[in-house]
Amino acid sequence: MIGVISDIHANLAALQAVLGVLEARGVRRVACLGDIVGYGPQPGECIRALRSRAGMVAILGNHDAAVLGTHGSAGFNGDAQAAVALNRRDLDPAGLSYLAALPQQALLDDLALFHGSPSRPLTEYLRTPGAVGAALRAVDQRFLAVGHTHDPLLVGLDAAGALDIRQPEGAQAFALKPGSRYLINAGAVGQPRDGDPRACLVLLDPAGQSVEFVRVAYDIEDTQRRMRALGYPEALVVRLKAGR
Ligand code: ZN
């Protein structure tokens, strides 16, 4: 089994809940699709949790790059920029050098890993059928795993070029067709935006026959308390419970 997680956003309670599921399900190898930091109150703790876990392949997200200062945050709204500044203030040199060493793409078996998309790894949101189709055609692997939208999604592309778009409703498993290739959007661990506030993770069986979207409840109030105590923007605190 391969685990796929994305957009942790410095939310340690959510990350621990997800790591607990991976442990309970015996999943050793995990892809982390970036945005480890940004928005949330515990960037350093999340980085340490990822570093100390064997079998974790992680890539860079746009918020990670913004905290590093290597990617402009000009496109971010004021709240996101404020969180970037707070995260940067709170990260130690070891945390910053971990982020600085992250690649913008990686491979894990037959999965190509990008935060946004193959052509614009840090910035593109794959939302439209045309963009998803182009992204799948841009990689050689059977699976393309992305995050960035915070909205879980599964799109199949069959040999005839037809797309099969599935929007998981909460926890849901899908059987995969042998001749099809797939885009898997792993949603978000630390700031879901599909209306379900529970942390999201994806499990892919090693034979590529099924993919399971898992949702796990975590202590949202704990993260919210920490954010308020550290002066994070209230809109970022409130949205965690709304899942938007
Ligand atoms: Zn994100």
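Modeller: A crossing is left-handed if the near helix is turned anticlockwise from the far one by less than a right angle, and right-handed if clockwise. This is a predicted model, in which local features need pLDDT of at least 70, side-chain atom pairs count only at pLDDT 80 or more, and totals for chains, interfaces and linings use all residues. Residues are numbered from 1 along each chain as its sequence is written, and side-chain values use heavy atoms, with hydrogens and water left out.

Biologist: At what angle do the axes of α1 and α2 cross?

Modeller: Helix α1 spans residues 12-24 and helix α2 spans residues 43-51, where helices (H or I, at least four residues) and strands (E, at least two) are DSSP runs numbered from the N terminus. Axes are lines fitted to C-alpha atoms, for helices over the stretch in contact, with angles from 0 to 180 degrees between N-to-C directions. The axes of α1 and α2 come within 9 Å and cross at roughly 20°.

Biologist: Is the crossing of α1 and α2 left-handed or right-handed?

Modeller: Angles under 35 degrees count as roughly parallel, over 145 as roughly antiparallel, 65 to 115 as roughly perpendicular and the rest as oblique. The helices α1 and α2 are therefore roughly parallel to each other, and their crossing is left-handed.

Biologist: How many nonpolar residues does the contact of α1 with α2 have?

Modeller: In this contact (heavy atoms within 4.5 Å), Leu 12, Leu 15 and Leu 19 of α1 meet Glu 45, Cys 46, Ala 49 and Leu 50 of α2. Sorted by class, the contact has 1 charged residue and no polar ones, and its count of nonpolar residues is 6.

Biologist: How does α2 lie relative to α5?

Modeller: The axes of α2 and helix α5, which covers residues 93-100, come within 10 Å and cross at roughly 60°. That makes the arrangement of α2 to α5 oblique.

Biologist: Which residues coordinate the zinc ion?

Modeller: Donors are N, O and S atoms within 2.8 Å of the metal (3.2 Å for Na, K and Ca), and water is not among the atoms, so sites may look incomplete. At 2.0 to 2.3 Å, the zinc ion is coordinated by Asp 7 (OD), His 9 (NE2), Asp 35 (OD) and His 150 (NE2).

Biologist: How many residues apart are His 9 and Asp 35?

Modeller: The zinc donors follow the spacing D-x1-H-x25-D-x114-H along the chain. His 9 sits in the loop between β1 (2-5) and α1, and Asp 35 in the loop between β2 (29-32) and α2, so that the pair links distant parts of the chain, residues apart: 26.

Terms used
Nonpolar A, V, L, I, M, F, W, Y, C, P; charged D, E, K, R; others polar.
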